[in-house]
Amino acid sequence: MKLSSMSYKGYVWPHNPRSCTVTTEKTVTSSKLPGGRWHTGELGLSGRKISGSGEFSGEDAYSRFMELYEVFCREGEGILYHPVLGAVTAHFSSLTMDQEPSANYVAYSFEFIERGQTALPEIIEPSADEKKYHTVAEGESFWTVCSLYNLTSLKLAELNPSVASPTALAVGMILRVL
């Protein structure tokens with residue numbers, strides 16, 4: 001199976017990064033109650049960190065890295081399309097050149113931080129070069145999202161091949177709807 005290319009804010013990787021790690025964390029608190037007992041509670045998921053490394057090679061290796069650097073320097077969040085995760089609203093938080101560049105090889109590492117989850121449904125408006133996405137809110141189901149965008153469940157499933165099952169939706173998940 002050939003994976004599609006990773007992209008962010010109009011930049012498409014010429015080939016996917018060599019490695020990619022996705023880290024998900026929960027915020028957990030613990031407080032002492034009267035009588036010496038303790039209460040531990042979860043405050044919810046924080047945004048995922050998507051990090052990895054890759055390289056550019058060939059005569060244009062350095063110019064490809066500089067194109068990626070220009071995207072990194074742009075302010076604000078954007079839609080990161082990951083070939084396995086799908087679309088994620090994220091900030092490009094780190095870009096590192098991992099070695100002294102040579103004329104035809106540049107190794108790099110990166111990190112994206114997913115926007116924190118929201119309680120309200122949100123439609124991310126597409127720019128001219130992006131598709132349309134929906135962030136799943138609490139209480140929404142696969143069929144709720146279908147009805148919001150007048151889609152069949154088959155079409156929504158086709159647009160989101162990374163969703164294993166219509167019952168596998170989670171609050172904060174981003175679905176492609178157009």
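Helix α1 (residues 61-73) lies across β1, β2, β6 (49-57), β8 (86-97) and β9 (105-114), and runs at about 120 degrees to β8. Here, axes are lines fitted to C-alpha atoms, for helices over the stretch in contact, with angles from 0 to 180 degrees between N-to-C directions; contact means heavy atoms within 4.5 Å. Helices (H or I, at least four residues) and strands (E, at least two) are DSSP runs, numbered from the N terminus.

All of this comes from a predicted model, in which local features need pLDDT of at least 70 and side-chain atom pairs count only at pLDDT 80 or more, while totals for chains, interfaces and linings use all residues. Residues are numbered from 1 along each chain as its sequence is written, and side-chain values use heavy atoms, with hydrogens and water left out.

As for confidence, pLDDT (the predictor's own score for each residue, from 0 to 100) has a mean of 82 over the chain, with 88% of residues at 70 or more. Residues 118-126 fall below 50, and this stretch has 26 contacts in the model beyond near neighbours in sequence.

Overall, the chain has three helices and twelve strands. Seven of the strands make up an open sheet, in the order β2-β1-β7-β8-β9-β6-β3, with antiparallel pairing. The edges belong to β2 (11-12) and β3 (19-23), each with a single partner strand, so one side of each has no neighbour in the sheet. Two strands count as paired if DSSP finds at least two bridges between them. Strand β1 (residues 7-8) is joined to β7 by two bridges, and the two run antiparallel; S7 has Y81 of β7 as its bridge partner.

Strand β7 (residues 78-82) also holds H82. This histidine is buried, with a relative accessible area of 9%, where buried means under 20%, exposed over 50% and partly exposed in between (1.4 Å probe, protein chains only). Leaving aside neighbours within four places in sequence, H82 touches M6, C20 and I50. Across the chain, 33% of the 178 residues count as buried. Among contacts between residues at least 6 apart in sequence, 57% join residues at least 24 apart.

Then there are the aromatics. A search of the whole structure turns up twelve aromatic pairs, meaning rings of Phe, Tyr and Trp (its six-membered ring) with centres within 6.5 Å. One aromatic cluster is formed by Y8, Y11, W13, F56, Y69, F72, F92, Y108, F110 and F112.

How values were computed. Rings of Phe, Tyr and Trp (its six-membered ring) pair if their centres lie within 6.5 Å; planes under 30 degrees apart count as stacked, over 60 as edge-to-face and the rest as tilted.
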